[in-house]
Amino acid sequence: MIYSHEVEVMCPIAQGVAHGAAPIPEEAKWVKAKEIKDISGFTHGVGWCAPQQGTCKLSLNVKDGIIEEALVETIGCSGMTHSAAMASEILPGRTLLEALNTDLVCDAINTAMRELFLQIVYGRSQSAFSEGGLVIGAGLEDLGKGLRSQVGTLYGTRAKGPRYLEMTDGYITGLALDADDEIIGYQFINFGKMMDFIKAGDDANTALEKAKGQYGRVEDAVKIVDPRKE
């Protein structure tokens, strides 16, 4: 260790009381984190790129400082999906610090990693008070049946009003309007269910019909409009 002359000539003074790190909640334990291996938890981070053309939601399941599970969800940028593919290969098996200092290909994913890191090292994880944390595979549970991201695509103009295009229920095929042309419900196709039906042996038309659903007062509608055509 090299000291400056000013420090060299100082007389030593005792530091006094040092209580160490403040404990943070981790998987139903209070932990005084001193090293990366002291960090465990399951949590999420959201990031964006410089032009803010797209965004990423990153979910990591960390055990003893090592990433055991990663879920990378992106929206708004076609190239980002390829970056996410590479990030899903890069992240598992790395320590939390390695992941923070690794190029995850896309700015949005890197930013999500930074935001997630800040949360988890301060004990703000989803599993902070869950004994033993969450099992490896908890990330897939965020996707629900059909293993598809929770996507909402809604559009509107002052001249023509709103258009619901996709919601958690699925791909919107019809908007139910009342006598005042206000939306009172919608019809949809759940693509996840549709693909499951096809994989189970149904033909495409049968699977399509079985995957249809509706929400709201569709039966009371004066008319049904296609949000992509009308």
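**View 1. The hairpin between strands E6 and E7.** In this predicted model, a hairpin of three residues links E6 to E7, where strands are DSSP runs of E with at least two residues and helices are DSSP runs of H or I with at least four, both numbered from the N terminus. Strand E6 (residues 153-157) and strand E7 (residues 161-167) run antiparallel and are joined by five bridges, two strands being counted as paired if DSSP finds at least two bridges between them. Within this pairing, Tyr155 stands opposite Arg163 in E7. Local features need pLDDT of at least 70 and side-chain atom pairs count only at pLDDT 80 or more, whereas totals for chains, interfaces and linings use all residues. Residues are numbered from 1 along each chain as its sequence is written, and side-chain values use heavy atoms, with hydrogens and water left out.

**View 2. The open sheet E3-E4-E5.** Three strands form an open sheet in the order E3-E4-E5, with antiparallel pairing. Strand E3 (41-48) and E5 are the edge strands, each having a single partner strand, so one side of each is left without a neighbour in the sheet. On average, neighbouring strands of this sheet are turned by 15° against each other, direction ignored. E3 and E4 pair over eight bridges, and Gly41 has Val62 in E4 as its bridge partner.

**View 3. Helices against the sheet.** Helix H2 (residues 78-90) packs on the sheet and touches E4 and E5, its direction making about 175° with that of E5; contact means heavy atoms within 4.5 Å. Helix H4 (residues 107-121) lies across E3, E4 and E5 and runs at about 140° to E3. Axes are lines fitted to C-alpha atoms, for helices over the stretch in contact, and angles run from 0 to 180 degrees between N-to-C directions.

**View 4. The two ends of helix H6.** At the start of helix H6 (residues 191-199), a side-chain oxygen of Asn190 comes to within 3.1 Å of the backbone nitrogen of Gly192, a polar contact being a pair of N or O atoms within 3.5 Å in which, within protein, one must be able to donate a hydrogen and the other to accept it, and residues adjacent in sequence count only if both atoms are side-chain atoms. After H6 comes Gly201, with a positive phi near 120°.
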